[in-house]
Amino acid sequence: MNRRTTRTVRPAVAAVIALSAGLALAGCSDSADAKPKLQVSDAFMPQPTSDMAGGFLVVKNDSKTADKLTKVTSDLSDDITIHETKNQKMQEVKSFDIPANGELDLDRGGSHIMFMGLKTKPKPGEKVTVELHFEKADPVKVDLPVKEATYNPKHH
């Protein structure tokens, strides 16, 4: 190889490496693998009238990465599941989708958190702490204010 060829190859290799590194770094800042940015609002639990209770809230996803709510834990119960309501029938599901730049709305008459075998029956004015577990995002602790049994935020 003569000197001229060597000089031409090195800058080309350097340019390819720089371009690849730049693309990789640009991809990291907007990557689909980035953890979603989730915020929880409008959380509440109607006062339980039996050893079961429902939990309701909204999870807003302000990122380009979709996620899933996979599990809910709380000291109130060792048996907590997530349910959807379709055709007026309630059924347990393994997860709820939280779309990118969207939200998951758990509300009365629809999808919700189900607490069974309550250890205590919280009263209005008290709060129940839950931890929401997601497929990608870190767990989030949320206080569910206990409201009267008939409470519906759409009517208040």
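This is a predicted model: local features need pLDDT of at least 70, side-chain atom pairs count only at pLDDT 80 or more; totals for chains, interfaces and linings use all residues.

Reader: Then what is the mean pLDDT of the chain, and how many of its residues reach 70 or more?

Author: The mean pLDDT is 85, and 78% of the residues reach 70 or more. Residues 5–9 have a pLDDT below 50, with 1 contact beyond near neighbours in sequence. Residues 12–30 also stay under 50, and there the model has 1 contact beyond four places in sequence.

Reader: Okay. What share of the contacts comes from residues 24 or more positions apart?

Author: Among contacts with a separation of 6 or more, such residues account for 70%. As for burial, 35% of the 156 residues count as buried.

Reader: Which residues touch the most other members of the largest nonpolar core?

Author: The general idea is that in soluble globular proteins, nonpolar side chains tend to be buried together. In this structure the largest nonpolar core has 27 residues, and Leu69, Ile113, Phe115, Leu132 and Leu144 touch the most other members. Strand β9, residues 127–134, gives the most to this core, with 4 residues. Take leucine 132: beyond its neighbours within four places in sequence, its contacts include Val40, Leu57, Leu69, Ile113 and Val142. Lys71 and Pro139 are also among the contacts of leucine 132.

Reader: What about β8, is it enclosed or open?

Author: Largely enclosed by the rest of the structure, because 4 of the 5 residues of β8 are buried. Now look at the strands it pairs with. Strand β2 is joined to β8 by 4 bridges, running antiparallel, and glycine 54 stands opposite methionine 114 in β8. Strand β4, residues 79–86, is joined to β8 by 5 bridges, also antiparallel. There, isoleucine 82 has isoleucine 113 of β8 as its bridge partner.

Reader: How do I read the two faces of a strand? Which residues of β7 are on the covered face, and which on the uncovered one?

Author: In a regular strand the side chains alternate between the two faces of the sheet. For strand β7, residues 103–106, the covered face has Leu104 and Leu106, while Glu103 and Asp105 are on the uncovered one. Strand β2, residues 52–61, runs antiparallel to β7, with 4 bridges joining them. Valine 58 stands opposite aspartate 105 of β7.

Reader: On to the rings. How many aromatic pairs does the structure hold?

Author: There are 2 aromatic pairs. Phenylalanine 44 and tyrosine 151 make an edge-to-face pair, with 4.9 Å centre to centre and 80° between the planes. The pair links distant parts of the chain: phenylalanine 44 is in strand β1, residues 38–46, and tyrosine 151 is in the segment after β10, 107 residues apart. To read numbers like these, remember that a pair of aromatic rings is described by the distance of the centres and the angle of the planes.

Reader: Where does proline 124 lie, and what does it touch?

Author: Proline 124 lies in the loop between β8 and β9, and is partly exposed at 44% relative accessibility. Leaving out residues up to four places away in sequence, proline 124 touches Gln47, Val146, Lys147 and Glu148. Its C-alpha atom is 8.9 Å from that of methionine 45, 79 residues away along the chain.

Reader: One last thing, backbone angles. What is the phi of aspartate 42?

Author: Near 55°, a positive value in a residue other than glycine. Aspartate 42 is found in strand β1 and counts as exposed, at 56% relative accessibility. Asparagine 101 also isn't a glycine, and has a positive phi of about 50°. Asparagine 101 sits in the loop between β6 and β7, and is exposed, with a relative accessible area of 56%.

Terms used
Residues are numbered from 1 along each chain as its sequence is written. Side-chain values use heavy atoms; hydrogens and water are left out. A nonpolar core is a set of buried Ala, Val, Leu, Ile, Met, Phe, Trp, Tyr and Cys residues joined through side-chain atoms within 4.5 Å. Buried means under 20% relative accessible area, exposed over 50%, partly exposed in between (1.4 Å probe, protein chains only). Contact means heavy atoms within 4.5 Å. Two strands pair if DSSP finds at least two bridges between them. Rings of Phe, Tyr and Trp (its six-membered ring) pair if their centres lie within 6.5 Å; planes under 30 degrees apart count as stacked, over 60 as edge-to-face and the rest as tilted. pLDDT is the predictor's confidence in each residue, from 0 to 100.
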